[in-house]
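User: Could you walk me through how to read salt bridges and pockets in a model like this one?

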Amino acid sequence: RHPLATFFHLFFRVSAIITYLFCDWFSNSFVACFVTILLLLSFDFWSVKNVTGRLLVGLHWWNQIDEDGKSHWVFEAKRVSTIAASTEAEARIFWLGLIICPVIWTVFFFSTLFSLKLKWLALVIAGISLQTANLYGYIHCKLGGQKSIGRVTSRFFVTADVPRRQTRRISEDRTEEHGKTGTR
Amino acid sequence: FAGLADVSISEDVPVEGEITVPVGSHSPDEDYSTLDEPVRDTIMRDLKAVGKKFVHVMYPKKSSALLRDWDLWGPLVLCVSLALMLQGGSADSKDDGGPQFAEVFVIIWFGAVVITLNSKLLGGTISFFQSLCVLGYCVLPLTVAMLVCRLVLLAGSGTVSFIIRLIVVVAMFGWSTLASTAFLADSQPPNRKALVVYPIFLFYFVISWMILTFTPQ
């Protein structure tokens, strides 16, 4: 249903990885490669966080600062009523892309460290943090969604119970009062 | 009336707290506003927020826009442009200004993180990313100073150009420090303000020093 979103979800991440691996073929300049990969990683972070997560799996997470200046992290999940085959395929692509790329960047981290090409280290660390942040945020949304389904149903049962209990309470009070006045 | 005790809802209603999961507490209208808005709206909204913050830095009044709606796009753009301008002239050889480029990056981001940690340890109420956002955006005057310095150096590199550059850099350094303290110092208890301002002063001083001592190849 969202082919463009699926394409862009994978496009920025895969381009960043390919540029990192083959930067020597593209250009001699370290600076150009660094800036290109950094921009690709930033666009990927923004698009996965704000666009593809919403469209492909109905999850969204963000940070809100309220009046007092306290910061809240909000994780939102859309209530999914039907799961069509196409949305399942898209969801699978989403989660695969989300999980595999931070793993690849972690591999790059160790290879950079051990081959002592330290000038790339800052970039690899930036890549890992951006992609892991998205992974963590979406996992939180997913787990939070499942947890709160239980909470929503139990809250429903509690609110349904309370009026009945209240009326029972009131009727018991009345009978008690009656009883008291009776005995008085 | 002992029986009244269990009329109250026994389950906690965890709406407040560090992490809120508002599924079920959002009305359908609110769902639409975040989960279903068109992509162009998202992009325009974010671009406008970034632009507004740049304007706020140039005119540092006490406003909550910089603090409430933080984002790190501005700091990223400023950091990249400053690092690009601080390159030596030779950007195309294998042994180019590569280390200098990554150095500027690391100094800015690592310095901002350290200042944020310092202010949080001193009991500040501002959050981590808000502080990074303010510090990053307040690099704008120094980026302008860098631009001016490069233009002046194109004209010549004698004593006169040095004096001009010195004046410009000192003025922009003062502007950056004042702008960021205007936003950040309020979140500290009053007897700690100097302890928070001092690292910010140092941070912008280091950046100004890098700008002033820049000489093209």
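Predicted model: local features only at pLDDT ≥ 70, side-chain atom pairs only at ≥ 80, totals over all residues.

User: Are B:Lys53 and B:Asp71 buried or exposed?

Analyst: Residues are numbered from 1 along each chain as its sequence is written, chains are lettered from A and ligands numbered from 1 in the order in which they are written, and side-chain values use heavy atoms, leaving out hydrogens and water. Buried means under 20% relative accessible area, exposed over 50%, and partly exposed in between (1.4 Å probe, protein chains only). Here, both B:Lys53 and B:Asp71 are buried.

User: What do the side chains of B:Lys53 and B:Asp71 meet in?

Analyst: Side chains of opposite charge can pair when their charged atoms come close. A salt bridge is a side-chain nitrogen of Lys or Arg within 4 Å of a carboxyl oxygen of Asp or Glu. B:Lys53 and B:Asp71 form such a bridge, 3.0 Å from N to O. B:Lys53 lies in helix H2 of chain B and B:Asp71 in the loop between helix H3 (65-68) and H4, so the pair links distant parts of the chain, 18 residues apart. Helices (H or I, at least four residues) and strands (E, at least two) are DSSP runs, numbered from the N terminus.

User: How many salt bridges are there over all chains?

Analyst: The count is 3. One of them joins A:Asp44 and A:Arg13 at 2.8 Å, N to O. A:Asp44 is in helix H3 of chain A and A:Arg13 in helix H1 (residues 3-21), so this pair ties together parts 31 residues apart in sequence. A:Asp44 is buried at 1% relative accessible area, and A:Arg13 is buried at 1% too. A:Glu88 and A:Arg92 also pair, at 3.4 Å; both sit in helix H4 (residues 85-115) of chain A, 4 residues apart, about one turn of the helix. A:Glu88 is partly exposed at 41%, while A:Arg92 is exposed at 52%.

User: Which residues are closest to the centre of the largest pocket?

Analyst: On a 1 Å grid over the protein atoms alone, a pocket is an open set of points where a 1.4 Å probe fits, with protein on both sides within 12 Å along at least five of seven lines; lining residues have an atom within 4 Å of a point. Of the 46 lining residues here, the closest to the centre are A:Phe45, B:Trp70, B:Asp71, B:Leu72 and B:Phe129. H3(A) gives the most to the lining, with 8 residues.
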